[in-house]
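Reader: I have a model open and would like to go through some of the labels attached to it. Could you show me how each one is reached?

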Amino acid sequence: MLKTAAQEQLLPGDTLQAKWEFAQQAGYDAIELRAKGDFHFASRIDELQQARKDGVVMPTVCVDMLHFFGAFDADLRRDAIAQMKSQLTVIAEIGGLGAQTPASYGMFSRRLPPFEPPRSEEEDREILLAGLSELGEHARREGVTLFLEPLNRYEDHMVNRLEQAADLIRATGLDSIRIGIDSYHMNIEESDPAAAIIAHADLIGHAQVSDSNRFQPGAGHLDWPAWLGALHTIGYDGHLAAECRLTGDPVEAVRSIPAFLQRSGA
Amino acid sequence: MKSLLDRPAPTAAADLTLRRGAARVLIDNWTGTSTVPSRTLYPHQWSWDSAFIAIGLRHLSVRRAQQELESLLAGQWADGRIPHIVFNPAVPYDAYFPSPDFWQSAHAGRPSGAPSAPQTSGLVQPPVHALAAWLVHAADPGESRRRGFLDRVHPRLAAWHDYLLTRRDLGGAGLAAVVHPWEPGMDNSPCWDRALERVEPAAPEEFHRADLDHGHPADRPTDLDYGRYVRLAADYREAGYDDRATRHRFTVEDPCFNALLAVSELALAAMARELGRTGAAHAERARDLSRRLVDRLWDDTAGIFRARDLATGAMVDERSISGLVPLILPHLPQDIVRRLHATLGSPHFKAPGTRLVPSYDLTGHAFDPQRYWRGPAWFNTAWLIHRGLRTHHLHADAERLREGFLTEAGRSRFAEYVDPVSGTARGARQFSWTAALTLDLLSTQPKEPTP
């Protein structure tokens with residue numbers, strides 16, 4: 001059976017320990033952390049170390065900022081890379097596996113006006129490869145993995161599909177970068193999500209789950225058995241981390257996810 | 001003791017590897033609305049393949065399994081027939097013969113109600129679809145009800161059976177007849193040899209065989225037989241695929257075909273009950289079909305069902321796996337079950353190289369361990385026999401067959417079929433129904449509701 005995780009902000013409780021108590025009762029195997037900017041994640045190191053001592057399982061962290069390593073602005077790019085390096089260091093220090101980031105989020109969409117980004121595709125690629133190489137080298141030194149997450153076309157204009165992420169990762173030649181897939185974005189971008197998982201099996205390192213409408217798994221119309229079946233087929237042994245909005249009673253919604261995924265073939 | 005040691009002990013890890021491999025085949029061979037039997041040899045949608053595929057696909061994705069059957073039903077003709085091939089318009093004509101320009105379904109099939117699109121063949125294959133639809137429903141009744149699956153497919157499947165029991169009752173005895181060796185699904189079986197001899201073959205220059213581009217000639221039908229297949233299909237086409245207007249030169253009552261029709265009638269009865277209607281008429285039909293099968297096709301001397309050649313009225317003097325498949329019928333008299341069980345274990349069908357069941361009598365005059373349906377063992381027929389053994393509580397033999405099936409499916413990379421003497425895998429690999437039925441046997445619930 002595939003393991004499940006919930007992002008920390010979804011879980012009720014004031015402390016990681018309290019959230020973990022709830023998570024375990026609901027059937028989760030782990031908590032996925034969220035990392036704000038301004039080195040906020042690093043400032044939480046004592047809290048995280050204590051949580052680890054108390055048995056909280058925290059394998060992954062997902063970036064929670066508004067600028068990223070693919071930013072148009074050079075200063076924002078530099079800052080995003082510094083933040084991600086710090087996040088990779090912290091997740092390594094608490095015995096985790098890696099940190100997830102998209103190339104960008106909310107910066108530009110080719111599907112919305114003005115349609116043409118200020119930077120060419122060639123320049124995008126150069127910027128992304130430079131950022132990935134720097135972050136990937138850092139991750140390798142820390143013994144963790146950088147997970148590159150393709151987002152749908154309305155949220156990012158550079159990396160939308162698994163094949164694009166795979167192409168960039170191969171170009172860096174680094175084992176310390178893997179694809180962090182997300183069921184919601186894949187539903188929009190991949191013509192056959194299950195086949196895309198099979199096609200890029202060797203590069204998939206992490207998986208986030210939410211349904212077709214971004215709500216918790218079970219609240220939309222994704223073909224979960226096919227998607228989860230494909231993950232089983234490639235021998236995926238990471239977590240399914242719930243990163244979603246919630247509909248209905250929020251506590252019940254979070255509680256419902258592990259059982260739903262299990263019924264759907266996880 | 002030695003044989004015990006020789007045999008690898010089944011493990012959970014081996015099952016997991018097999019499950020992953022089978023799921024991978026089904027994901028790879030999925031086209032978006034249905035599954036190709038094989039990426040290399042069969043690039044369109046085949047009728048009974050899709051039914052067997054749906055039976056396994058339901059364990060991977062109930063939604064895909066429903067789509068598999070519904071995309072096939074989208075090719076159904078107004079007279080009720082489900083064509084044996086629904087063509088993918090994106091595939092070039094020369095990828096498979098006979099191609100859409102041979103069948104000309106939209107034009108030549110118009111009198112019989114062929115759809116203007118998709119393009120299809122005009123022949124049929126064994127009616128295992130209702131059984132498949134019922135099993136797909138049973139895999140997740142909630143999802144099935146939510147999507148109105150049975151509401152949509154039941155009337156179409158009932159029309160399909162009506163077609164077979166009216167237009168295709170060519171012997172007038174209440175059994176469905178096949179009009180081409182491709183229809184019973186066992187194309188090149190020696191059972192059809194005598195009936196085929198009466199057919200003038202089409203000239204070799206009239207067609208180009210695409211099956212030899214990927215398949216080995218030693219495995220495939222001969223050119224002479226292929227010419228006869230083409231002639232029969234062309235004659236049917238010229239008569240507008242109208243069963244009343246066609247002077248069929250090949251008409252056979254096949255035991256496997258009719259046994260599957262009976263079992264599928266039971267599935268329709270179960271579906272009707274699920275939909276809050278009475279299933280009595282379907283159940284009655286199933287009993288009638290079982291009775292007629294015994295009356296018309298059971299050979300008590302040989303202990304096997306035989307095909308009946310309607311041109312001569314005589315039973316075909318060949319033993320084939322088709323004659324064992326009626327074991328799947330729950331209404332079969334117990335003495336016939338015992339005889340079939342004995343035949344299954346006799347030198348005619350107990351193969352040295354496989355635990356699957358050979359397609360033709362190992363001691364028969366026409367036995368060939370490699371050529372299509374003249375000896376090789378197929379996985380879909382093994383699945384049917386397995387189901388038959390379970391139906392009649394012959395659990396030890398069922399389990400032996402299941403273990404053999406799973407071992408050989410994995411070892412052969414989900415081959416199309418197996419040489420029953422040497423055990424060598426033959427035909428296409430990553431074959432969809434082999435993978436699908438592997439998933440099904442890995443997931444088999446002993447208490448799964450039977451229709």
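Reader: Why does B:Ala132 count as buried?

Author: A residue is buried if 20 or more other C-beta atoms, placed from the backbone, lie within 10 Å of its own, exposed if 12 or fewer, and partly exposed in between. B:Ala132 has 28 C-beta neighbours inside 10 Å, so it counts as buried. Please keep in mind that this is a predicted model, where local features need pLDDT of at least 70, side-chain atom pairs count only at pLDDT 80 or more, and totals for chains, interfaces and linings use all residues. Residues are numbered from 1 along each chain as its sequence is written, while chains are lettered from A and ligands numbered from 1 in the order in which they are written.

Reader: Which residues does B:Ala132 touch, not counting those up to four places away in sequence?

Author: They are B:Ala51, B:Ala54, B:Ile55 and B:Leu69; contact here asks for C-beta atoms, placed from the backbone, within 7 Å. B:Ala132 itself belongs to helix 7 (residues 129–139) of chain B, where a helix is a DSSP run of H or I with at least four residues, a strand is an E run of at least two, and both are numbered from the N terminus.

Reader: What makes B:Trp373 buried, and B:Arg413 partly exposed?

Author: B:Trp373 has 26 other C-beta atoms within 10 Å, so it is buried. B:Arg413 has 15 C-beta neighbours inside 10 Å and therefore counts as partly exposed. B:Trp373 sits in the loop between helix 15 (334–344) and strand 9 (377–378) of chain B, and B:Arg413 in the loop between helix 17 (395–411) and strand 10 (417–418) of chain B.

Reader: How do you know that the radius of gyration of chain B agrees with a compact globule?

Author: The radius is taken over C-alpha atoms, and the globule rule is 2.2 Å times the number of residues to the power 0.38. For 451 residues a compact globule would come near 22 Å, and chain B has 20 Å, which agrees. Buried residues make up 56% of chain B.

Reader: Which helix of chain B gives the largest share of the side that touches chain A?

Author: Twelve residues of chain B are in contact with twelve of chain A. Helix 2 of chain B supplies the largest share of that side of chain B, five residues.

Key. Two residues are in contact if their C-beta atoms, placed from the backbone, lie within 7 Å.
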